[in-house]
Amino acid sequence: MDGKLKDRYIDPFTDFGFKRLFGEECNKDLLLDFLNELLHQEEGKIVSITYLKTERLGISEESRKAVFDIYCENEKGEKFIVEIQKTKQEFFKDRTLYYTTFPIEAVQGKWSFELKAIYTIAILNFVFEEDKNDLNKYRYDVMLTDIETHKIFYDKLKFVYLETPKFTKEVDELETRFEKWMYVIRNLKRLDNIPDRLREKVFEKIFAAAEIAKLTPEEYEAYVDSLNSYRDLQNSIDTAKKEEKTEIAKKMLRDGMPLDVIEKYTGLSQCQIKGLA
């Protein structure tokens with residue numbers, strides 16, 4: 001370990017971090033606990049899960065390949081796709097819908113068309129543009145419903161979207177076990193120690209699994225590569241956002257808009273705006 005990283009715990013929003021905490025056989029109980037807290041009202045107690053191959057191919061050669069972060073099955077044959085999404089992606093909702101088509105496969109011979117339930121859980125490190133003003137709602141549970149009656153029409157396809165940036169509770173405000181999970185996922189990387197309020201077996205295990213100091217040299221190298229990829233992606237997005245804001249500010253300047261108005265709508269400082277003139 002070369003000690004270059006100052007963080008004590010890995011970032012769950014990196015590919016390495018998410019799969020280490022939730023996608024390894026030795027940490028299966030962590031994923032099981034999370035899924036039970038997330039879905040217990042609809043699904044009931046999930047007794048066991050089995051990891052399936054995360055790469056699935058379509059039924060024809062022309063079908064596109066789908067790669068899931070985590071793909072598993074419970075004791076009843078129901079499927080769970082768990083995705084971590086680091087940044088905004090165009091058509092992300094379309095992508096999650098597309099993913100649900102892969103577990104739907106006809107069996108050989110006569111098929112009764114009875115399907116097992118499929119759950120797609122998307123843990124997002126961003127907020128959907130259309131939901132950005134709904135600050136108090138960070139969880140979206142989606143099923144097929146009748147438009148007029150709002151009754152559930154079909155309950156075997158369920159999508160759960162978790163917008164983690166909207167979850168802003170501090171550790172002493174956490175009320176439920178699910179809120180504790182949300183807090184850990186959102187804040188793990190920036191913590192130095194496990195908070196007393198999270199002194200439960202499952203959370204103690206996730207903090208232990210996330211300790212950077214316990215990684216082997218090979219694991220550490222893999223994590224650093226994953227972290228750098230994440231940072232490069234974030235920097236590219238931040239640069240694109242700044243360039244977009246700069247162009248908007250220039251147009252507003254040309255239209256004679258006051259500096260304080262430009263500052264309000266672009267987030268650029270008045271000093272930055274003056275430098276564009």
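**Asking how we know**

Biologist: What makes Cys 271 count as exposed?
Modeller: Its relative accessible area is 66%, and exposed means over 50%, buried under 20% and partly exposed in between, with a 1.4 Å probe and protein chains only. Therefore Cys 271 is exposed. Keep in mind that this is a predicted model, where local features need pLDDT of at least 70, side-chain atom pairs count only at pLDDT 80 or more, and totals for chains, interfaces and linings use all residues. Residues are numbered from 1 along each chain as its sequence is written, and side-chain values use heavy atoms, leaving out hydrogens and water.

Biologist: Is Cys 26 buried or exposed, and how do you know?
Modeller: Cys 26 has 51% relative accessibility, so Cys 26 counts as exposed too.

Biologist: How many disulfides are there?
Modeller: The count is 0, where a disulfide is a pair of cysteine sulfur atoms within 2.5 Å.

Biologist: Why do the buried residues of H3 line one face of the helix?
Modeller: Helices are DSSP runs (H or I, at least four residues), numbered from the N terminus. In H3 (residues 92-99), Phe 92, Thr 96 and Tyr 99 are buried. Down the axis of H3, these fall within an arc of 55 degrees, so they line one face; the arc is taken from the directions from the helix axis to the C-beta atoms.

Biologist: How much of the chain is buried?
Modeller: Of its 277 residues, 41% count as buried.

Note on methods. Helices (H or I, at least four residues) and strands (E, at least two) are DSSP runs, numbered from the N terminus.
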